[in-house]
Amino acid sequence: MDFSTKPLDAKSNFTGSKTACIVVGIYENKKLTPEAEALNASGAITAAVKSGDITGKVGSTLVLRNSAGVAAERIVLVGLGVAPAAKAKQTISNPVFAKVALSTANCLSHLSAADAIITLGVHADNQNAAIRSLVLSLRASAYRCDELKSKPETKTTGVGKITIIVTDATSAKHSLAQSVAIANGIDLTKKLADLPGNFCTPTYLATTAKKIATEFKLSAEILERKQCQALKMGSFLSVTNGSDEPPKFIILKHMGGKAKDAPVVLVGKGITFDSGGISLKAGAGMDEMKYDMGGAASVLGTMRAIAELKLKLNVIAVVPSCENMPNGRATKPGDIVTSMSGQTIEVLNTDAEGRLILCDALTYAERFNPAAVIDVATLTGACITSLGHHTSGLFTRHDAKHDDLANEILTAGIDTGDTAWRMPIGEAYNDQLKSNFADMANIGGSAAGSITAACFLERFTKQYTWAHLDIAGTAWKSGAAKGATGRPVALLTTFLINRAAA
Ligand code: BES
Ligand code: MN
Ligand code: ZN
């Protein structure tokens with residue numbers, strides 16, 4: 001899918017545009033946008049609106065073919081909702097425009113049109129967000145994970161070439177480059193999470209990191225089991241005991257900033273299959289635990305995005321990756337392991353393995369003297385209970401420095417629609433991690449499960465500013481549209497873009 005932008009100016013001549021589709025907005029209460037007005041010489045649009053074939057409500061669409069006096073083969077009408085007041089500062093709010101972009105993408109994906117011109121009144125005040133919504137929705141509608149089907153499914157041709165009409169041409173170029181880079185990152189993330197555990201192994205993730213490094217001139221380093229043993233990563237390695245797949249500890253560096261600038265470190269949970277281990281999970285839906293490397297996938301996708309953008313910031317990805325499997329050598333409930341930090345952990349439940357691999361990665365991150373560390377993990381079912389599938393859980397300490405970091409992350413989420421919600425951590429919850437036999441237990445009981453998981457991680461992050469994103473609910477969709485979402489690549493990439501600009 002090829003994207004370009006074109007300024008709206010006096011020369012814009014929509015009736016004469018030779019294209020397979022021209023996409024224009026329609027308001028509720030039968031009001032036309034200026035762009036629709038321009039294409040309405042024959043009265044076909046007014047007739048469609050009058051007949052009720054299109055309501056103009058957000059999400060409604062209608063395709064008109066062969067309109068007299070219009071060079072385009074099709075006019076695609078898209079509902080924009082209630083017309084804004086004449087003096088309104090912003091024509092359409094970002095969340096509403098995101099829905100408009102989604103319905104546009106859905107509609108276009110069902111057509112056999114080679115190209116499209118989209119003129120939805122993308123105005124200067126919301127242009128950046130509007131371009132991102134359009135690009136991400138259109139790319140999402142084109143995404144497939146079908147390389148493991150023996151025959152490719154019959155595809156609709158899909159729209160190959162998209163021109164977005166904008167008001168500010170210079171900033172639009174910039175927005176478009178960022179949006180396409182984010183879309184490329186999201187596609188990579190989805191593909192990694194959609195691929196099953198017998199394809200996407202720790203070795204596959206390591207190879208992917210090396211490929212990104214080669215393509216974009218980053219540096220990748222893969223630590224093997226022996227090197228992890230030498231570093232005393234006893235907690236990480238305890239999770240791999242029952243698996244035949246070799247663990248990989250992946251480090252990928254994008255040093256786009258000044259040599260002495262402290263890096264942002266992104267840590268991603270890379271469990272390529274989570275059976276639960278000896279604390280075996282129930283069978284129903286266990287297949288979905290192939291996406292337990294969603295954190296790792298989103299960190300790699302984000303690295304791809306910022307590398308493509310040549311972002312002027314130092315960013316280091318750290319991905320501990322292994323399987324969580326049961327066998328005769330597997331870690332047993334009650335076993336006590338020693339983490340790289342020296343703190344000992346009583347493994348009361350082998351299914352709480354994410355924190356066991358992350359804690360050693362968080363200790364490893366100390367060596368980079370990071371400006372901030374963000375870990376990203378499909379960590380707890382409890383987070384899905386709390387926040388559902390709409391918002392990721394955000395956890396940090398509660399002081400001024402961490403409030404600032406939390407706000408940066410929350411803002412990047414709101415801007416992109418890839419939202420997060422801050423949750424509490426602290427002393428009271430920490431009491432739930434007490435163990436009679438080790439420094440701490442790896443579970444804190446059934447109450448506040450996503451919070452006690454965050455409290456566990458916090459104990460390994462005392463040396464730097466840290467935030468934790470629990471993406472168990474947001475990284476994946478179950479049901480008919482089963483598959484990865486590519487979240488939170490848009491949030492993370494935008495957070496980093498904003499940091500580089502600060
Ligand atoms: N990978 C799971 C969390 C998860 C559950 C992610 C559902 C996505 C969907 C994690 O390793 C896990 O098993 N957590 C346990 C923790 C419990 C044993 C304290 C959970 O959430 O049940
Ligand atoms: Mn688990
Ligand atoms: Zn897990």
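**Figure 1. Sequence spacing of the donors of the zinc ion (ligand 3).** Along the chain, the donors of the zinc ion (ligand 3) are spaced as K-x4-D-x17-D-x60-E. The model shown here and in the other views is predicted. The residues that coordinate the zinc ion (ligand 3) are Lys269 through NZ, Asp274 and Asp292 through OD, and Glu353 through OE. Their distances to the metal run from 2.0 to 2.4 Å.

**Figure 2. Geometry at the zinc ion (ligand 3).** Six donor atoms surround the zinc ion (ligand 3), and the angles they subtend range from 78 to 177°. The arrangement is octahedral because of these angles. For six octahedral donors, the ideal angles at a metal are 90 or 180 degrees.

**Figure 3. Asp274 between two metal ions.** Asp274 forms a bridge between the zinc ion (ligand 3) and the manganese ion (ligand 2). The two ions are 3.1 Å apart.

**Figure 4. Accessibility of two zinc donors, Lys269 and Asp274.** Lys269 has a relative accessibility of 2% and therefore counts as buried. Asp274 has 3% relative accessibility, so this residue counts as buried. The cut-off for buried is under 20% relative accessible area.

**Figure 5. The largest cavity and its lining.** Two cavities of 30 Å³ or more are counted in the model. The largest cavity holds about 80 Å³ of space. Its lining consists of 13 residues, of which Ser238, Val239, Asn324, Thr331 and Thr350 are the closest to its centre. Sorted by class, the lining of the largest cavity comprises seven polar and six nonpolar residues, with no charged residues.

How values were computed
Residues are numbered from 1 along each chain as its sequence is written. Chains are lettered from A and ligands numbered from 1 in the order in which they are written. This is a predicted model: local features need pLDDT of at least 70, side-chain atom pairs count only at pLDDT 80 or more; totals for chains, interfaces and linings use all residues. Side-chain values use heavy atoms; hydrogens and water are left out. On a 1 Å grid over the protein atoms alone, a cavity is a set of points where a 1.4 Å probe fits but cannot get out, and a pocket is an open set with protein on both sides within 12 Å along at least five of seven lines; lining residues have an atom within 4 Å of a point. Grid points are joined across faces, edges and corners, and a volume is the space filled by probe spheres set on the points. Ala, Val, Leu, Ile, Met, Phe, Trp, Tyr, Cys and Pro count as nonpolar, Asp, Glu, Lys and Arg as charged, and the others, Gly among them, as polar. Donors are N, O and S atoms within 2.8 Å of the metal (3.2 Å for Na, K and Ca); water is not among the atoms, so sites may look incomplete. Four donors count as tetrahedral if all angles lie between 85 and 135 degrees; four count as square planar and six as octahedral if opposite donors are over 155 degrees apart and all others between 65 and 115; anything else is irregular. Buried means under 20% relative accessible area, exposed over 50%, partly exposed in between (1.4 Å probe, protein chains only).
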